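Please read the report below alongside the sequence and the model. It takes strands, helices and confidence in turn.

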Amino acid sequence: MKDALLTKSFLGLILLVSLTKVLIADPQLAPDVDRLQAVDSIIETAINDGLFAGASILVSSGSTVLKQESYGTADGEAKPVEKDSLFRLFSMTKPVTVVAALILHERGEFFLDDTIDTLWPAMSDLQVYESGEGDEMITKPVTRAPTVRELMMHTAGFYYPYSEHPAHQKLKSIDLPKNDAGIEKVSELIASSPLLFEPGARWNYGYSTDILAGLVEHVSGKPFDAFLRQEILDPLGMSDTFYQVPADKANRLLDLYNFDDEGKLTRIEKAAESPYLSDNPVPWGGTGLVGTINDYWQFCRMLLQDGEFDGIRIISPASAKYLLTNHLAVGEIPFEAPGSPYERFSKGYGFGLGVKVMVDPSINGNPVSVGEAGWSGAASTHFWLIPEHDVVVMFFTQNRGYLKIQPLAEKVKLAVYHSLTPL
């Protein structure tokens, strides 16, 4: 009996030591507010160096906002950036569109691996580029149409027409409407140009999410912007997010900037003259939303809280987790092609549904967390979700010189990582 008691005590001591080691090795971390002040210096230096006129940041731990600051001006002169300032979100529209499609998926409208031609007859004659250009271009029917999931992952074969590739030039020649048209019809125009490669062959950034929005419009029978408003924006309380800025909120929109040929910060669009004030814009799935940093934070928290925010469920926990999970094979990581100017920002990242997902921090070269997910917009708006620590990091400015701003955005994110300390 005595030996048995000694054995139990010894085993209990081993268990206690083991648990202590686990707790010491992997403590619960959260951003330290004092250490977050490093972000102020990073952004203020960038403004003084002429990288942008003004910016906003937001850092939260759980549902608590630990730091929210606005810096500089909205117009490069005297108008300050405020908490309710409106930013052009550009490609940060994409994750919202993915959530819209997941809502329909949860309602049994389709499987994620359904090919889109089975849901949308207009997508039944897709072609893929083979050779030639102009009137002598040779195409062939796709082996199969893209799946819904491939649209979400940018592996469908669609692209933005930014290069001299003949397929890009053909798509560029199509007059895509900017106003007074639904995304379903616009998507069909885009799809009349050949795909760049067979669906599923590789990752390529492009109009995939706009086609996804067209699918949502077609399957739901509702205009895409109305679907977003009813199913996501209003339930989440995102009353300051829209495609068309209301007249009574126009004064909150920031001016838009870029760098001129000499590298000097230059205003390229005054807020008062912005196309975002025009009537009936096309509700794109991959771009087009304007919103506040607080509104988009609520969307981010919904994703981190397994599809629910403030008691309102938007998608299921299964969908939220699936969205934030990498779906690329090991050989497809990182998702950007070698030589791409964006390659340095994809190191170690795979891709989920509408967001990049950190798979291997050792490749990334920075002390970041496995599972970190996020995306950004062309005017240099950025968000990162860190599920391991339940942290959201957001950095918003308005500069189309994205590649010059991205390193600064990474510094902001890393400053938050370096602020993480044991609770």
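## Hairpin of E2 and E3

In this predicted model, strands E2 and E3 form a hairpin with 2 residues between them. Glycine 62 sits in that turn, with a positive phi of about 60°. E2 covers residues 54–61 and E3 covers residues 64–72. The two pair in the antiparallel sense over 8 bridges. Pairing requires at least two DSSP bridges between the strands. Elements are DSSP runs numbered from the N terminus: helices are H or I with at least four residues, strands are E with at least two. Serine 56 has serine 70 of E3 as its bridge partner.

Residues are numbered from 1 along each chain as its sequence is written. The model is predicted, so local features need pLDDT of at least 70, side-chain atom pairs count only at pLDDT 80 or more, and totals for chains, interfaces and linings use all residues; side-chain values use heavy atoms, with hydrogens and water left out.

## Strand E16 and its partners

E2 also pairs with E16, in the antiparallel sense, over 7 bridges. Here serine 56 stands opposite phenylalanine 396. Strand E15 (residues 381–386) pairs with E16 in the antiparallel sense over 6 bridges. Tryptophan 384 stands opposite valine 393 of E16. The hairpin of E15 and E16 has 4 residues between the strands, and aspartate 390 takes a positive phi near 55° there.

How many residues of E16 (residues 391–397) are buried? The count is 7 of the 7, so the strand is largely enclosed by the rest of the structure. Buried means under 20% relative accessible area, exposed over 50%, partly exposed in between (1.4 Å probe, protein chains only). Both faces of E16 are covered. Val391, Val393, Phe395 and Thr397 lie on one side, with Val392, Met394 and Phe396 on the other.

## Helix H3

Just after H3, glycine 108 takes a positive phi of about 80°.

Valine 98 lies in H3. Its relative accessible area is 1%, so valine 98 is buried. Beyond four places in sequence, valine 98 touches Met152, Leu212, Leu323, Leu353 and Gly354. Contact means heavy atoms within 4.5 Å. The C-alpha atoms of valine 98 and glutamate 136 are separated by 36 Å, at 38 residues apart along the chain.

H8 (residues 224–233) has Phe224, Phe227, Leu228, Glu231, Ile232 and Leu233 buried. Seen down the axis, they fall within an arc of 145°, so they line one face of H8. The arc is taken from the directions from the helix axis to the C-beta atoms. These buried residues pack against H3, H6 (183–190), H7 (208–220) and H9 (293–304).

Glutamate 150 is in H4 (residues 148–153). At 10% relative accessibility, glutamate 150 counts as buried. Beyond four places in sequence, glutamate 150 touches Arg144, Thr155, Ala156, Pro199 and Gly200.

## Confidence

Mean pLDDT is 94 for the chain, and 94% of residues reach 70 or more. The score is the predictor's confidence in each residue, from 0 to 100. Among the elements, H3 has the highest mean (99) and H1 (residues 2–25) the lowest (44). Over residues 5–25, pLDDT stays under 50, and the model has 0 contacts beyond four places in sequence for them. Where pLDDT is low, predicted coordinates should not be read in detail.
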